[in-house]
Amino acid sequence: ATPKRKLGVALVGLGYYSRDLLAPALQLTEHCELRGIVTGSPEKIPVWQEKYGIKDANVYHYGNMHRLANNPDIDVIYIVVPTGLHMKYSVIAANAGKHVWCEKPMAMSVQECQTIIDACRKNKVKLSVGYRMQHEPNTQTIMQYAQSRPYGALQTIDAVAAYAGNGLPADNWRMQADMGGGALYDMGVYAINGARYAAGLEPVAVTATRDFSHPKFEEVDNTTRLTLEFPEGIIANCRTSVVESGNRLRVNCADGWYRLAPMQSYNGVQGETSDGKKLDKFIANQQAAQMDNDAQAILNGTAVKVPGEEGMRDIAIVRAAIESDKKGERIVL
Ligand code: NDP
């Protein structure tokens, strides 16, 4: 039999997530191979080349990554730089004629998200957003419940994605508003996306309050609370924080409830229902599953699970939350 074709992936930005999660996960995939790197840090190059056997010809920096257009080894460019740079490098990747995987949160504004979507459409390449939860089996059960409603009408949703961090140095992008730092962008999209997939509906209004009072987080929100109003009177209370912990998604229905806790960890996402069912399907590696699913969509010419429009909807809610907090008003979406 002819060996199955694997897709060559180039990682852009060799920081924490690429180094500790994506590159190891790529070794576990069936349909992908880590073949290229794009980095602004020359000292990382020999380390990565040695560890993953990356050819000299597949090493790029930000200034020459457009030349990936001429590299048949690479099928997919995975953007793993700070959020404020997602649009810039996603567009370069799409214009190089490569499929684009873009980390969460997709970009800073709806306009930036639309620019990425348009660049991918124009170049006829696929675009996936790195929402790993949507590839996780217990999360998928919650998504199915939103359709099948086994516990009757949905009433309230509680979505918390938070971790008690101590902050980072002020020059780290996670402490900078224009790079996508702060709780709402960095962690909030898990709660927002969770509320949306738990409801299986799109919210119609958002009311938010943001806290900037923590001494270590001057420029960015340390905690944001959002109330999302969905059709059918469903209300989601979301909380996201980088100074308090929390990791759960609970759905209260007319005839029972179900929950996931943790709802967005790399491992061990699990939950239960009010009638004692365990939501405890095992997944070996979320990132490997995500990348294999996204690779299969490319190889088979089928729809991706998490298209750009999905990332963009959450950014619309993030922006409405910012506006709500500033004006002290409920914002209709
Ligand atoms: P890091 O700060 O650890 O790494 C970011 C890397 O981006 C840097 O190491 C650097 O790589 C590159 N980079 C390029 N330009 C800049 C710049 N101006 N400032 C800083 N870094 C720059 O961040 P993470 O790896 O934690 O996060 C990267 C992205 O991945 C973010 O969008 C984040 O939201 C997302 N993420 C997603 C997770 C998930 O579970 N889906 C988990 C963690 C992060 P180099 O030196 O190679 O150029």
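Domain bounds in what follows come from an automatic or database domain assignment. The structure is a predicted model.

**Exercise 1. Domains**

Task: State into which domains the chain is divided, and how far apart their C-alpha centres lie.

Solution:
1. The chain is divided into domain 1 (7–129) and domain 2 (134–283 + 314–332).
2. Between the C-alpha centres of domain 1 and domain 2 there is a distance of 27 Å.
3. As for contacts across the boundary, 15 residues of domain 1 touch 13 residues of domain 2.

**Exercise 2. The nonpolar cores**

Task: Determine how many residues the largest nonpolar core has and which residues have the most contacts inside it.

Solution:
1. The largest nonpolar core has 71 residues, and Ile157, Leu226 and Leu228 have the most contacts inside it.
2. Helix α7 (residues 188–199) supplies the largest share of this core, eight residues.
3. Both domains take part: at least three residues of this core come from each of domain 1 (7–129) and domain 2 (134–283 + 314–332).
4. Another core, of 25 residues, lies apart from it, and includes Ala25, Leu26, Cys32 and Tyr78.
5. When neighbours within four places in sequence are left aside, the contacts of Ile157 include Ala195, Ala198 and Ala199, as well as Ile234, Leu249 and Val251.

**Exercise 3. Helices α5 and α7**

Task: Describe how the axes of helix α5 (residues 137–148) and α7 are placed, and which residues meet.

Solution:
1. Two packed helices are described by the angle between their axes and the distance between the axes.
2. Here the axes of α5 and α7 come within 6 Å and cross at roughly 50°.
3. An angle under 35 degrees would count as roughly parallel, and one of 65 to 115 as roughly perpendicular.
4. The two helices, α5 and α7, are therefore oblique to each other.
5. From α5, Thr139, Ile142, Met143 and Ala146 meet Tyr197, Ala198 and Ala199 of α7.
6. Sorted by class, this contact of α5 with α7 has six nonpolar residues, one polar residue and no charged residues.

**Exercise 4. Ala321**

Task: Decide whether Ala321 is buried or exposed, and identify the residues with which Ala321 is in contact.

Solution:
1. Ala321 is located in helix α9 (residues 308–327).
2. Buried means under 20% relative accessible area.
3. Ala321 has a relative accessible area of 0%, and is therefore buried.
4. Neighbours within four places in sequence aside, Ala321 is in contact with Leu184, Val206, Ala208, Arg210 and Leu226.
5. Although Ala321 and Thr207 are 114 residues apart along the chain, a separation of 6.3 Å is found between their C-alpha atoms.

Note on methods
Residues numbered from 1 in each chain as written. Predicted model: local features only at pLDDT ≥ 70, side-chain atom pairs only at ≥ 80, totals over all residues. Heavy atoms only, no water. Core = buried A, V, L, I, M, F, W, Y, C linked by side-chain atoms within 4.5 Å. Buried < 20%, exposed > 50% of the residue type's maximum accessible area, 1.4 Å probe, protein only. Helix = DSSP H or I, 4+ residues; strand = E, 2+ residues; numbered from the N terminus. Contact = heavy atoms within 4.5 Å. Axes fitted to C-alpha atoms, helices over the stretch in contact; angles between N-to-C directions. Parallel < 35°, antiparallel > 145°, perpendicular 65-115°, else oblique. Nonpolar A, V, L, I, M, F, W, Y, C, P; charged D, E, K, R; others polar.
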